[in-house]
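My entries follow in the order I made them.

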Amino acid sequence: MSDEEREEKELDLTSSEVVMKYKSAAEIVNRALQSVLSECKPKAKIVDLCEKGDSFIREQSGNMYKNAKKKIERGVAFPTCISVNNTVCHFSPLASDETTLEAGDILKIDMGCHIDGFIAVVAHTHVLQEGPVSGRAADVIAAANTAAEVALRLVRPGKKNKDVAEAIQKVAAAYDCKIVEGVLSHQMKQFVIDGNKVVLSISNPDTRVDEAEFEENEVYSVDIVTSTGEGKPKLLDEKQTTIYKRAVDKSYHLKMKASRFIFSEISQKFPIMPFSARALEEKRARLGLVECVNHDLLQPYPVLHEKPGDLLAHIKFTVLLMPNGSDRVTSHPLQELQTTKTVDDPEIKAWLSLATKTKKKGGGKKKKG
């Protein structure tokens, strides 16, 4: 076996070291989420909370593999975002932004960590209130959570991406909610947060993805967003976009000095993972990022919105498809929910009753799911 083949072989879940790195990244991002949640109070500035999440991840991951013989990259794999109420995702404001949280807000917190390029991501929904969450807010969170539980059981070797998409739509409908269009669950690999195998929540004539089958030793970020509205989010203001990822396959000779300066800084500091424009000098960044995006050197993560009054929930988790079953490594417990709907659909109940781990072989016949 050549060194190249050995390298390729060792960088999936067949290597215990790789599994350990995924789990270490997951442990850090789970604790970072808890740390941010503990500071989510009325009048807290969103930018401060996002900074807190990113700093926690940088600090905790920086403490790992300090004495490794070769330098190991580690840190933020996706900047902390806190999207409130009818904002769908990717809200991670610049330092000058004064937006604060208010009592009763529904927060979607989204973040990621990596150790040596092995990525763990998580998103969680929390209502800023004491006591149980009731009414439509409870419905939309339960819809996202139940869809995530079903997806966990269907993202398994032998199943196809379309099986998952159809199932999560059915779950959302049971709560009289919609799955939000355009949300993708991606396969992840070392230094690749958005691999080619994807689950598209809802396919329509404009967006289709290739049919794919899940396989053992793969890793996925399963991403579910539910809405009490139409589930067709819109970009309202491009200036709100602050998260970008370097498009490594594109090149262009930038005309503006500010653009060249910013692009050089991005290439040095953030060659692969998504980053927040907060990490760049703000005035220069505003000028330079536009030209970089216009020429496809950067891929933007736009801030999308449903209509005012629509409620949204976001659950995202990382799952390792291990030989003994699916191992969900990122999560956070939900608040108590008092929903207005109960799920009686036999098919949904059957999905939820599927085991995530397989029984050891030789222990009698397995029941068919």
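For residue classes I counted Ala, Val, Leu, Ile, Met, Phe, Trp, Tyr, Cys and Pro as nonpolar, Asp, Glu, Lys and Arg as charged, and the others, Gly among them, as polar. The model is predicted: local features need pLDDT of at least 70, side-chain atom pairs count only at pLDDT 80 or more, and totals for chains, interfaces and linings use all residues. Residues are numbered from 1 along each chain as its sequence is written, and side-chain values use heavy atoms, with hydrogens and water left out.

**Cavity**

I searched the whole structure and found 1 cavity of 30 Å³ or more. A cavity is a set of points, on a 1 Å grid over the protein atoms alone, where a 1.4 Å probe fits but cannot get out; a pocket is an open set with protein on both sides within 12 Å along at least five of seven lines, and lining residues have an atom within 4 Å of a point. The largest cavity has a volume of about 50 Å³, taken as the space filled by probe spheres set on the points. Its lining has 8 nonpolar, 2 polar and 1 charged residues, including Val155, Ser185 and Asp223. Helix H5 (161–174), S8 and S9 each give two or more residues to this lining; S9 gives the most, with 3. Helices (H or I, at least four residues) and strands (E, at least two) are DSSP runs, numbered from the N terminus.

I put the volume of the largest pocket at about 790 Å³. Of its 35 lining residues, His90, Gly182, Leu184, His186 and Tyr301 are the closest to the centre. By class I noted 18 nonpolar, 10 polar and 7 charged residues in the lining.

**Helix H6**

Which residues of H6 are buried? I listed Ala258, Ser259, Ile262, Phe263, Glu265 and Ile266, buried being under 20% relative accessible area, exposed over 50%, and partly exposed in between (1.4 Å probe, protein chains only). They fall within an arc of 160° seen down the axis, so they line one face of H6; the arc is that of the directions from the helix axis to the C-beta atoms. On the other side, Lys257 and Gln268 are exposed.
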